[in-house]
Amino acid sequence: MTTRISFCLAAALAATAAGGARAHVTLEQPNAFADSYYKAVLQVSHGCKSSPTVAVRVRIPEGVMNVKPQPKPGWTLAVTRTKLAQPVDAGHGRMVSERVSEVAWQGGPLADDHFDEFRMTMKLPDRPGATLYVPVVQECVEGVTRWIEVPEAGKPAAALKEPAPALKLAPKP
Amino acid sequence: MTAARAWAAPALALLLLACAPRVLAHASLVSSVPADGASLDAAPAELVLRFDEPVHPVQLRLVDATGRAVEPRVARVEHGALHLAAPAGMATGAHVLSYRVTSSDSHPVAGAITFSIGAPAPAPAARGAAARADSGPDAVSIALRAARDIALLAATGAALFVLAVRPFPGQRRTLAVAGLAAALLSALCLGWHGAVLLGAGTLMDARAWTAAIDTSFGTSTLVAIGASAAIAAAALAPARVPATAALVLGAAAGVASLALTGHAAAAGSRAWAGAALAAHALAAAFWLGSLVALHAVLRRDASRSAEALWRFSRLATGMVALLAAAGVALAAFQLRALESLAATPYGRLVLFKAALFAALLALAAINRFVLMPRLAHGAPQATRALTRVVGLEVALVLAVLGVTAVLVQTSPRGEPGLDAPGAATAFAAAPVSKTLAAAGGRTATLTLAPARPGRNTLAVELRGADGRALDPAAVDVSISHPAAGIEPLQRAMRRTAAGRWVHEGTEWALGGTWRVEIRARLDDFEDARWSTEVDVH
């Protein structure tokens with residue numbers, strides 16, 4: 001219990017620190033436990049240079065399984081699956097041979113001064129300490145913004161102009 | 001329990017804070033007057049930067065091609081539009097308007113636009129050189145360079161021989177003639193280099209000389225002129241002590257000047273390549289100078305030649321090993337892949353040079369293992385045979401230096417980097433060329449030509465970890481000049497062939513160190529980035 005509270009506290013602190021003045025497309029909760037289920041909430045708070053958003057496409061990082069996107073009224077949902085090199089146990093003894101590698105919501109348009117969230121649940125890999133980057137392509141009526149930048153080793157993510165939403169994995173309590 | 005409750009309140013507050021939606025947005029530049037990259041007939045009265053939301057100006061800077069920076073006055077702010085009063089008397093040529101503003105979330109947003117007044121200045125340097133680059137280096141350049149290198153190596157090498165082995169008959173005349181010839185030919189090379197850069201074809205234009213002096217070849221040539229002059233002065237000086245000092249200085253500077261120029265000196269790790277080049281030049285100079293000196297000893301002072309030969313021979317073995325090792329290292333560094341040896345003109349020249357060098361080694365071996373023992377036993381015809389072989393060696397060395405003169409003026413990168421007509425290639429002016437590594441072993445070889453203020457062509461060659469050309473969907477470049485306060489200018493590059501992208505433009509408005517960041521979009525969700533600094537002057 002203590003670990004969970006201190007983890008939440010650390011998570012909250014980290015999130016606050018990272019939150020600051022970041023605009024960007026971000027994950028509502030940038031911290032999660034490794035090897036557990038997680039609800040990813042992608043927040044889209046503006047368009048591309050004030051142009052309304054018409055598509056949000058997400059690449060699912062390697063090792064993330066059981067992805068289930070939430071349908072949204074006014075948006076069509078498309079899921080791309082790729083074959084796995086070898087079948088893996090998806091829990092409850094169920095073996096799967098493919099995984100969701102890309103999720104796309106198309107529709108809107110979501111005006112620049114409106115806000116929306118795009119959700120999916122997923123099973124995170126058992127890699128405590130790792131940071132997963134979830135690259136997102138935001139397509140607009142005019143232009144595209146690619147939230148796909150990943151910080152170089154040893155450099156702060158804050159310096160990036162269009163960072164990929166990041167998810168830090170903590171050891172399971 | 002009490003402790004837990006004491007923690008709960010701040011924890012909850014923080015969690016709420018953390019989970020509050022972050023709906024803040026950065027401002028971004030939507031348009032500008034003049035538009036980014038525009039060419040204007042006359043100076044504008046007003047400059048407008050239009051953002052997608054209200055902004056507060058923090059720093060504005062208008063830099064012209066001479067590097068003069070002014071802060072334009074903010075006339076009025078309308079929503080997201082900053083109206084700036086254009087300063088009076090704006091010069092023709094390129095201008096960079098750099099901005100730093102804050103948006104409503106107080107996040108600083110920075111960037112820059114460029115525009116030019118009057119017809120965009122053509123780049124005579126780039127175009128003149130490009131025309132020549134297509135047909136390889138011109139014959140005058142090659143002949144001048146070969147003659148200069150021979151004279152400089154002979155002067156430097158003869159000085160080294162005098163210092164390290166022994167004086168030789170007629171050394172004063174040899175040193176004086178070689179030194180003066182090297183100084184004169186160096187000066188001619190410099191002027192011709194400038195004429196080629198400007199596409200002028202005449203040495204009479206003062207601009208050609210100043211342009212050439214500004215390049216890396218200019219620096220090394222000035223050192224060479226100093227070195228040759230010092231050697232000639234040493235030969236002509238009546239007193240012994242200052243003569244020796246001038247000789248040491250001249251020999252050292254001669255070697256240094258050869259290490260300061262060329263593709264090898266410009267390649268990625270300059271210090272490493274410079275050291276290899278210096279070693280290569282030192283050994284080559286010693287060899288050529290020694291041959292000249294030995295020839296003189298054999299012809300005029302045969303009785304004492306055996307002793308000089310043995311001393312030379314001891315030094316020469318080490319020098320030849322150094323020469324070959326440094327040569328192989330430099331070639332490997334330039335070519336990187338074994339198949340480029342046969343596939344590129346540069347590689348074939350390296351092979352040809354290696355073959356000539358092998359023949360030279362064979363002759364040296366005959367000298368060392370056949371003729372010198374005979375000479376030591378007093379065989380009378382040995383001196384004559386040795387004189388002939390040394391003469392043949394000199395001829396071969398001259399051939400090697402001729403090949404070298406072509407080599408140093410051929411791009412190691414194989415075919416010209418660009419296929420756009422009129423675009424500068426790696427051969428232009430004093431182009432900057434660097435190979436950068438990114439995550440995943442991907443490399444970008446970046447060439448900026450002519451690397452002087454004004455219009456420049458930036459070319460990149462992208463390769464994957466397997467050495468194959470990388471063929472991304474799009475490549476962007478961002479350039480900034482932190483010292484001059486110019487914020488990043490974003491430009492899309494144009495694809496010319498698989499893995500080759502170019503951008504030609506006048507963004508490089510002033511000299512100094514520019515930061516360049518290349519970003520290649522490998523697919524929708526992944527990009528590769530390389531960044532470096534490039535000197536423009």
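Guide: What follows is a set of questions about terms, each answered with a value and a rule.

Guide: This is a predicted model, in which local features need pLDDT of at least 70, side-chain atom pairs count only at pLDDT 80 or more, and totals for chains, interfaces and linings use all residues. Residues are numbered from 1 along each chain as its sequence is written, chains are lettered from A and ligands numbered from 1 in the order in which they are written, and side-chain values use heavy atoms, without hydrogens and water.

Visitor: Why is G111(B) called buried?

Guide: Buried means under 20% relative accessible area, exposed over 50%, and partly exposed in between (1.4 Å probe, protein chains only). G111(B) has 2% relative accessibility, so it counts as buried.

Visitor: Where is G111(B) found, and what is it in contact with?

Guide: G111(B) is found in strand β9 (residues 108-117) of chain B. Strands (E, at least two residues) and helices (H or I, at least four) are DSSP runs, numbered from the N terminus. Contact means heavy atoms within 4.5 Å. Leaving aside neighbours within four places in sequence, G111(B) is in contact with L97(B), S98(B), Y99(B), E487(B) and P488(B). The C-alpha atoms of G111(B) and P488(B) are separated by 4.9 Å, although the two are 377 residues apart along the chain.

Visitor: What makes C189(B) buried?

Guide: Its relative accessible area is 6%, so C189(B) is buried by that rule.

Visitor: Why is the pair of W287(B) and F357(B) called edge-to-face?

Guide: Rings of Phe, Tyr and Trp (its six-membered ring) pair if their centres lie within 6.5 Å; planes under 30 degrees apart count as stacked, over 60 as edge-to-face and the rest as tilted. By this rule the count is 5 aromatic pairs over all chains. For W287(B) and F357(B) the centres are 5.8 Å apart and the planes are at 85°, so the pair is edge-to-face. W287(B) is in helix α9 (residues 270-300) and F357(B) in helix α12 (residues 345-376), both of chain B, 70 residues apart. Both residues are buried.

Visitor: How do you know that C48(A) and C140(A) form a disulfide?

Guide: A disulfide is a pair of cysteine sulfur atoms within 2.5 Å. From C48(A) to C140(A) the S to S distance is 1.9 Å, and a disulfide joins them.

Visitor: Which hand does this disulfide of C48(A) and C140(A) have, and why?

Guide: The torsion about its S-S bond is about 70°, so the disulfide is right-handed. C48(A) and C140(A) are both buried.
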